[in-house]
Amino acid sequence: MKQKLVIIGNGMAPGRMLEELFEQAPGLYDVVIFNAEPRVNYDRIMLSPVLSGEKLYEDIVIHGDDWYARHGVTLHKGAKVTGIDRTAKTVTSANGVTEAYDKLVIATGSLPFIIPVPGHTLPGVLAYRDLDDVEKMLDATKRGGRAIVIGAGLLGLEAAYGLKRQGMDVTVIHIMPTIMERQLDPPAAYLLEKALNDRGIEIITKANTKRIVGEDKVEGIELEDGRVIEGTIVVMAVGIRPAAQLAKEAGVVTNRGIVVDDGMMTSDGSIYALGECAEHRGVCYGLVAPLYESAKTLADRLIGGASEYRGSVVNTKLKVTGINLFSAGDFAEGEDREEIVLRDATAGVYKRLVLKDNRIVGAVLYGETADGAWFFDMIKRGTDISEMRDTLIFGQAYQGGSPLDPTAAVAALPDDAEICGCNGVCKSKIVGKITAKGLTSLDDVRAHTKASASCGSCTGLVEQLMVLTLGDSYNPAVVQPMCKCTELGHDDVRRLIVAKGLKTIPAVMQELEWKTSCGCAKCRPALNYYLVCDWPDEYADDYQSRFINERVHANIQKDGTYSVVPRMWGGVTNAGELRAIADVVDKFEIPMVKVTGGQRIDLLGIHKEDLPAVWADLGKAGFVSGQAYAKGLRTVKTCVGTDWCRFGTQDSTGFGIRLEKFMWGSWTPAKLKLAVSGCPRNCAEATCKDIGVICVDSGYEIHFAGAAGLDIKGTEVLGLVATEDEALEHIVALAQMYREQGRYLERIYKWAKRVGLDEIRRQIMGDAEKRKGYFDRFVFSQTFAQVDPWSERVSGKDKHEFKPMAVVGMAEAAE
Amino acid sequence: METNWPDKNWIEIGDIHDIPVRGARCVKTPHGRIAVFRTAEDHVYAMEDRCPHKGGPLSQGIVHGTSVTCPLHNMVISLETGRALGADEGEVRSVAVRNRDGMLSIALDSLMLMVAAE
């Protein structure tokens, strides 16, 4: 019979341990996990980017539900274990689940330390430990005001930065004279403090909290020296302590943490401890790299191996966008120690290496951290640096003659050099996997080696290794940059526009470090769309960044003339409209009149100068622009439905018109064409549209992601709803989700393929709150978008577009 | 090209502010349409309004840096030289422009040269 492995805790350490276990000995154990949090395993290191709005929760999930299913793991979510019975070999949770074990792993992590000052239990006093804390903080940011962060360590400063980015005023209180004193020496701390001040974060050092002020919620804090700081939340980030209580109650030996040997075994031979709750050789680790190393040891032990964990040297990086900071090892001064320091005040660079016996024991890098991995490697290795001492501080590029290019620098690294600090992956492992498994993409390498899969700061190095191993066949631009003006991909740009509150094209280019002064014909229209979409009320549309068709509201033809398509709501017209069109055709001698595939009429061959006059005449008959030129809502094709058809099940014509009247004028990443068919015979051809509706007796079947252009593809079903109102809400929400996530020029079917049909169904069909949010944002945006561009131009807007600047040498000759 | 061509037959075409920044306007002449471009830095360039690729109206393209992208098939033309950039080949004939305190003129001579070359 299979042995049963029970794990208490579902953090990153046991997650990694299981990955190792499943890779090396799949099916060896029946695995059961108790998770006190009501969710799957996510990347705790990335909580700060979630707080600052630079990432979403979905981005930081490590193991989704399907991972547990695939490996046959039983995951009890929201089940906090309350007791271990070592005699019966069972564990029991608060919600009444009891499981027997053969082997037990305690991975209860750590608890945030809350200073027990008066008022510490008031609502509004928060820790910064898990996603619940982040959600509480984000909730508080909506109310605004000042956040007080106690503790200027790594977590405290990341919290402060995130809260500031979310629009709060932030004050950080720190008891020591300098910030991050465990990782930084005073000069680096000074530079960091200054950089944070520049970002609007106030820092008070040497400040001791006396009490938290407030009646029934936080109103501020009082310091020992009597100063009072007002605030609406207090975030305590003063440290963690291992969560060892459960083990202690069960009689397992504990000290500060649960004491383990080099095989991660506790005083009970069937029980192991892993992660922040464990104490190994007197040390409790709180960073991910050592925990992953010990996870590997434990996995090996569980399959009968004999590997030993011997402790780790750790390094730190601060995740504050725009601040580069690296610290590793021990940098206290001492008689037997020497130091090498490099300062460049103008460039904001500070580097300090602490040496002992010609070996680096500590490194602090501020401003320029590219050599962090190289120094860290030498610290761990104990490399003798006497040969390169003179140039050591300048970094790897200056060793051995001329500076190396980045690929050569990586090539020069020894095989066992650590590339990914979070996951402890060395160079040879990455190169070996690339070769053995034939890996060709960064995602593959992440999946097989875990390198660059956590904080992502080594992505550049991993890509260099791929270039080195695969040669020219590897295109490192896995994230396709938007264009040559930037290294950033569309998704990053979109996210940063929102996160950084960038509201003009120059602001985007400045903040995201565009390489050209004013972009190019690829990025400018994309940025213009993203800004129109994200800030509908604040952004002033930049017409010079739109393609000619969207600038003059007509479609340019091969000979430089234009075509004009008036809107025919739902494809329905009448004698008056047709007569007006006929008159316009005669008056302007329009050479071609054509019925389009979208059930309306195209007038081709119109000279640009005539456009305003053509629109004026069409406007008098009630026509507005059909936006046949727009990356936006085009047509809603309909059949005649219950009004006329023997087979019609719903009023497909009426609903199509309603949809078109609701959605016209909206800009989308690429063109958006809709159709509504009154019965499954589908005369409106709704099943190859971007969004389609098939009416049935029981309601409205909503389809999406069809294509009938370069690609041909039937639609996917989003879901069935009973009423026309519901169908409208669902379709509009879907369109808004696409507007917010689509990359410019990416049709809805490509977007859907990228984000996954299930995810779209889950958000639009399954999550009423999300759906309502999308719907409301669309409606808000429409209040600014639904202006007929033709009548605006008939009234004189953009006059210059339609007239030559001058006519020279022709007045006499021609007129 | 804002050069000081000596003694040309300058023809006034209007004020620099008649052209949108990062935009273009056309001037009609007996010898064809001239596109007059204004960059973000207020440099002004003029050239034949015909892409060397398929004759697209360059004045309708997106202006970026000192280049314009043709609206028909995205060929990128240097405003400084008139030559196609990147892998494409082709050249548009430039027309001399003078900018005096914002008043723009084009040189008739260069128009004549255009005709002579045709």
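These legends walk through several close-ups of a predicted model. Residues are numbered from 1 along each chain as its sequence is written, with chains lettered from A and ligands numbered from 1 in the order in which they are written. Because the model is predicted, local features need pLDDT of at least 70 and side-chain atom pairs count only at pLDDT 80 or more, while totals for chains, interfaces and linings use all residues; side-chain values use heavy atoms, leaving out hydrogens and water.

**View 1. Chain A as a whole.** Chain A has 27 helices and 41 strands (DSSP runs numbered from the N terminus: helices are H or I with at least four residues, strands are E with at least two). Its C-alpha trace spans about 95 × 70 × 65 Å along the principal axes. Of its 815 residues, 52% count as buried (buried means under 20% relative accessible area, exposed over 50%, partly exposed in between, with a 1.4 Å probe and protein chains only). Take the contacts in chain A with a separation of 6 or more: 62% of them are between residues 24 or more positions apart (contact means heavy atoms within 4.5 Å).

**View 2. Glu724(A) and its partner Arg658(A).** Glu724(A) sits in helix H22, residues 724–741 of chain A. Setting aside neighbours within four places in sequence, Glu724(A) touches Asp651(A), Phe655(A), Arg658(A) and Tyr700(A). With Arg658(A), the side chains meet in a salt bridge at 2.9 Å, N to O (a side-chain nitrogen of Lys or Arg within 4 Å of a carboxyl oxygen of Asp or Glu). Arg658(A) lies in helix H21 (residues 652–663) and Glu724(A) in helix H22, so the pair ties together parts of chain A that are 66 residues apart in sequence. Arg658(A) counts as partly exposed because its relative accessibility is 30%. Side chains of opposite charge can pair when their charged atoms come close.

**View 3. Helix H22 again, now at Glu740(A).** Here the side chains of Glu740(A) and Arg777(A) form a salt bridge at 2.6 Å, N to O. This pair links distant parts of the chain, with Glu740(A) in helix H22 and Arg777(A) in helix H25 (residues 768–785), 37 residues apart. Glu740(A) is partly exposed at 23% relative accessibility, and Arg777(A) is partly exposed at 39%.

**View 4. A buried pair, Asp798(A) and Arg793(A).** These two residues form a salt bridge, their closest N and O atoms being 3.3 Å apart. Asp798(A) counts as buried at 18% relative accessibility, and Arg793(A) is buried too, at 3%.

**View 5. Four charged residues joined up.** Glu37(A), Arg39(A), Arg44(A) and Asp132(A) are linked in a network of salt bridges. Zoom out to the whole structure, and a search over all chains finds 60 salt bridges.

**View 6. A negative patch on the surface.** Glu215(A), Asp216(A), Glu219(A) and Glu230(A) gather here in a patch of negative charge. Patch residues have over 30% relative accessible area and no salt bridge; like charges are joined within 9 Å, and nonpolar side chains (Val, Leu, Ile, Met, Phe, Trp, Tyr) within 5 Å. Glu230(A) belongs to strand E17, residues 228–230, and at 64% relative accessibility it counts as exposed.

**View 7. Chain B.** Chain B has 1 helix and 10 strands, which run along the sequence as β-β-β-β-β-β-β-β-β-β-α. Buried residues make up 52% of its 118 residues.

Key. Accessible areas come from the Shrake-Rupley method with a 1.4 Å probe; for residues, only the protein chains shown count as cover. Lys and Arg count as positive and Asp and Glu as negative; His and the chain ends are not counted. The place of a charge is taken as NZ of Lys, CZ of Arg, CG of Asp or CD of Glu.
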